[in-house]
Structures are given as structure tokens and as C-alpha cells.
Amino acid sequence: MPAQTPALPAPAWTMPGYLEARRGGHLHINGADALELIREYGSPLYVFSKPRIRANIARLKLAAASVDRPVKFCYASKANSNMAVLAAVREAGIDLEVNSGGELFKALRAGFRPDQIIFNGTSKSDDELDEAVRAGIYSINVDSVYEIELVEAAARRVGERANITLRLVPEIGTRSHIGLQTALLTSKFGITSSEVPGAFRRALAHPELIHVGGIHIHIGSQTPDVEPFADAFKMMWEHLVALHRETGHTLEHINLGGGIPVNYLRDRSQAGGLPAAERDMLGADLEPSEVLAAALRVARESARATDAEHLLDRVTILLEPGRSVIADAGLVLTTVRNIKRRPETGDVWLLTDAGFNLLLSMTTYKWYYHLISASRADAPADAEYKVAGPLCDSGDVYFDIEGASRLPDYRKLPADVRPGEVLALLNSGAYSLAQAFPYNGRPLPAAVMVREGGRAQLVRRRDTYEDLLAGDIW
Ligand SMILES: Cc1ncc(COP(=O)(O)O)c(C=O)c1O
């Protein structure tokens, strides 16, 4: 009998049925060949997976079913507001969080009903507030005591009552990046605990203009631990009870914000050199059911102790997940365009067509996106390369130029990568296309949505050179 070569184990980044090395060793996304996508739609290319979006939302709904209060999920559209992504979210049956008049416009155009929409933001304009009040959305999340007056003025102008929620900044730290923490007193967000009683009194002063429906905290993004969520929920719960005792007003919802983490280190083969705190944060695996259970446990205990269970029994819990819906449902395909070997260091440099113009957080937060070869996805990744994007900026590199090792110094790919090879940056569906910009006159890329059975559909056309001129007047 001929000797059989044992099959190599699937790479650790594999997600069966979704991300796999298949025929010819090419990366496949729900059965769609990454190289064929590049041939058809060009490089670089954003690729999103509808089945994965659906699976991520199903996981959230399953978590909701495990607790005894109703849960309303409002997908944070800032993570990715491509219209096809919004449509997929709506079809999967959850609601929406927006952060500007533009996102509100997109939400309504994507078919979300006003009662499915909540509106956050620190600096809303009068026009944006008018649009939100006129649309009659579920909640305008008010970020300061001053903003209460702005909403009242909008309600007067529009002649409709506004639904509002107060956003708190509770001084709760997390183990995420400082730029992604939003519940510290040093952060720009929200109303402090000491201001809350006065803010509620002020908001309740004109019930003909404002309906006060809830209380809100967002502790930040990519929060690896359950405790900050539980602390935040407890604090909001205590404010809810205090408000009821003082005024008789009962809040209908408690909004725990977003921040459920995504595991960016499913494949840890290149993460060994990262600082331990960075690894803990990027590799967090926190189930949404744990977050909900912990939050409700502390609230239930407190409600029992204070004889307020009847109030808890009237509360709907809101969550605003962004990253956990779309991050691992997207990737960026990029092509190696140039190569150089530095004689002094021996480093081989690969220059791709995707830089921080497409993945801003790679430079702002030194965010780790696992890089693989899409052309040879099944080949051992045992050669080291310096990898960089196309921008005229020394910071446009896939390593930590500040030398703090928050990204690996070298990326591991198969031996002998040549120009023309297609690479894939995994887990890059969140805060990527939404933050992309045309620096250096680089038109924004196309995006495709892959559906069941590997059918890909263009969901964003590639910008043209003419698009680069579209806003200019000369
Ligand atoms: C108010 C608010 N809600 C929700 C989110 C979504 O967070 P994530 O994408 O981490 O779930 C954000 C983003 O940081 C936010 O600012």
C-alpha cells in the first residue's frame, strides 16, 4: 500500500463552515474562494459574511433567553454601517444604536422602525436632535445636564415629545485600551453619579416635552471581564430605585451599553511576544450570557435587600453590541505589491495595498488582526516578514513602530511570499470600513457580502478617481 501523508491539522484560525483553507489551499469564506473574489472585485477588498453575522446575533439572543428579563439588542452601527450589514442585522431581528444624524438617516433608510433606534453622542446638533424627535425614536441618550435643555428645545420646535435616557459616567475602569474606556471620570462621556439626581429632576420637569425612559452606561469596548458590567448595572439599578423613591417615576429600561469582547487571538501562533495584558484583552472570550447573568444577579440581590423586586420586574435590559456582531464576520483581503530585502538587517519587507487607511485601529490602538496568506492558507506559516501598507507614513506598518511590542515585530507567513500573493487580515469587520479614508488619493475599496453557499454580492462599489473629486469645488 502506498504510504499516506498524514493530513495537517486545520490552522487555528479556522472556523468550520465559515473560514477554511479549502481547494488549492485557498482561503474560503462560507465556501467562496478568496482569490476568485479578488479576481472579480479587485484588491484590496472588504469581505463580510452574512451567515456569521446571523450566528453572532443568534448567540446574543440565546444569551437573552437565559435570563428572566426582556433584552433589547441595539447593534452599534458605528462598528460598521454598510447598508447591507444593517440589512443583515435587521433581518436577524435586532434593533439599532446610532451616533449621528447620518447614522440615523442610514438606519431609517435600511428599514429600522423608529422604535428600534437609540441615539448616543456627546455633541448632537440641533438639526440632529430635531431629526431624532421628529422620527419618534425609542431613545435619545442624553450625555450632559445641558443636553436636556437642547432636547426640550427640539421637542418644542418639532411639536412632539422626546424619549430620553440619561447616560452616566460611573468611574468604572476596565482592562481594555485607555482610548476604548468610556466610564472613567477622565473620559468625555456622560453625567457623573453626583449629578444624576439633579439631572433626573431637571428631565422630569417638563413631562409634556420629555419622557424619561431609562438610564445608560457604556463602559467601553472590548471589555474582557464580567465585573465592570455587573458594577455598572448595579449602579444604574440603584439610581433607578432612588429615583422611584424620590419622585415615584419608574424607569423602563437599563442600558448596559456595548463592549462584549471578540477573541482576536483564536490563533495565538504570532501573539507570543505581545505584553500579557494585551494578550488577555485581545484574546478575551466572554460569553454574553455571563454578562447578562452577572448583571441581573447583583440587581436581583440588591432588589431583594431593598424590597424593590417589583421595580426590577418591570425593567427591560438594553445592550448595544457592535464588535461582537461584526468583527469576526469580516476580513480584509490585500495583495502584496512590492518586496524588498534590507541588506543591513536581512529583513524581508512585504508592501501591501491595505494600510491604516482601511484599518485605522492598527495604528491608533496598535490593534492586532491575524494575518494569513489567502493564496496558501494551508501552508505552514514559518517565515518572518516585516509587513507594511501603502501609505506615505512611517506608521503605516503591521508592527509597533513605537517599539512597545503591542503588535508582533514580524508577521509569519509561508516561505517565499512574492508580489501578487493575496493575504487576509482576519476579524476586521468592526471599526474598519466605517473608519476608512482616502488618504494619499487612494479610492476606498469595494466590499462584498458572502451568503450561504458561497454566493458573493457586491455591497459597496470601489470608489473611482472621480469620487476623489466629488466634494471639491475649484
Ligand atoms: C455608546 C456605545 N455603545 C456601544 C458601543 C459598541 O461597543 P462594542 O463595539 O465594543 O460592542 C460603543 C463603542 O464603543 C459606544 O460608544
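Biologist: How much space lies in the second largest pocket?

Modeller: This structure is a predicted model. In that model, about 400 Å³ of space lies in the second largest pocket.

Biologist: Which residues lie nearest the centre of the second largest pocket, and how many residues line it?

Modeller: A lining is read by listing the residues that have an atom within 4 Å of a pocket point. Here the list holds 24 residues, and Pro-11, Ala-377, Ala-379, Pro-380 and Ala-381 lie nearest the centre. Two elements, strand S16 (371-373) and strand S18 (411-413), each give two or more residues to this lining. The largest share, 3 residues, comes from S16.

Biologist: How do the residues of that lining divide into nonpolar, polar and charged?

Modeller: The lining of the second largest pocket has 15 nonpolar, 5 polar and 4 charged residues.

Biologist: What is the volume of the largest pocket, and which residues lie nearest its centre?

Modeller: The largest pocket has a volume of about 650 Å³. Its lining is made up of 38 residues, and those nearest the centre are Lys-78, Thr-182, Phe-189, His-218 and Tyr-431.

Biologist: Which helices each supply at least two residues of the lining of the largest pocket?

Modeller: They are helix H12 (323-326) and helix H13 (361-364). As for the kinds of residue, the lining of the largest pocket divides into 11 nonpolar, 19 polar and 8 charged.

Biologist: Where does the ligand sit?

Modeller: A molecule is assigned to a pocket if more than half of its atoms lie within 2 Å of the pocket's grid points. In this model, the ligand sits in the largest pocket.

Biologist: Which residues around the ligand come nearest?

Modeller: There are 15 residues around the ligand, of which Ser-221, Glu-320, Gly-322, Arg-323 and Tyr-431 come nearest. Tyr-431 is also among the residues nearest the centre of the largest pocket. The shell around the ligand divides into 3 nonpolar, 7 polar and 5 charged residues.

Biologist: How much of the accessible area of the ligand does the protein cover?

Modeller: On its own, the ligand has 400 Å² of accessible area, and the protein covers 93% of that area.

Terms used. Residues are numbered from 1 along each chain as its sequence is written. This is a predicted model: local features need pLDDT of at least 70, side-chain atom pairs count only at pLDDT 80 or more; totals for chains, interfaces and linings use all residues. Side-chain values use heavy atoms; hydrogens and water are left out. On a 1 Å grid over the protein atoms alone, a cavity is a set of points where a 1.4 Å probe fits but cannot get out, and a pocket is an open set with protein on both sides within 12 Å along at least five of seven lines; lining residues have an atom within 4 Å of a point. Grid points are joined across faces, edges and corners, and a volume is the space filled by probe spheres set on the points. Helices (H or I, at least four residues) and strands (E, at least two) are DSSP runs, numbered from the N terminus. Ala, Val, Leu, Ile, Met, Phe, Trp, Tyr, Cys and Pro count as nonpolar, Asp, Glu, Lys and Arg as charged, and the others, Gly among them, as polar. A residue is near a molecule or strand if one of its heavy atoms lies within 4 Å of it. Accessible areas come from the Shrake-Rupley method with a 1.4 Å probe; for residues, only the protein chains shown count as cover.
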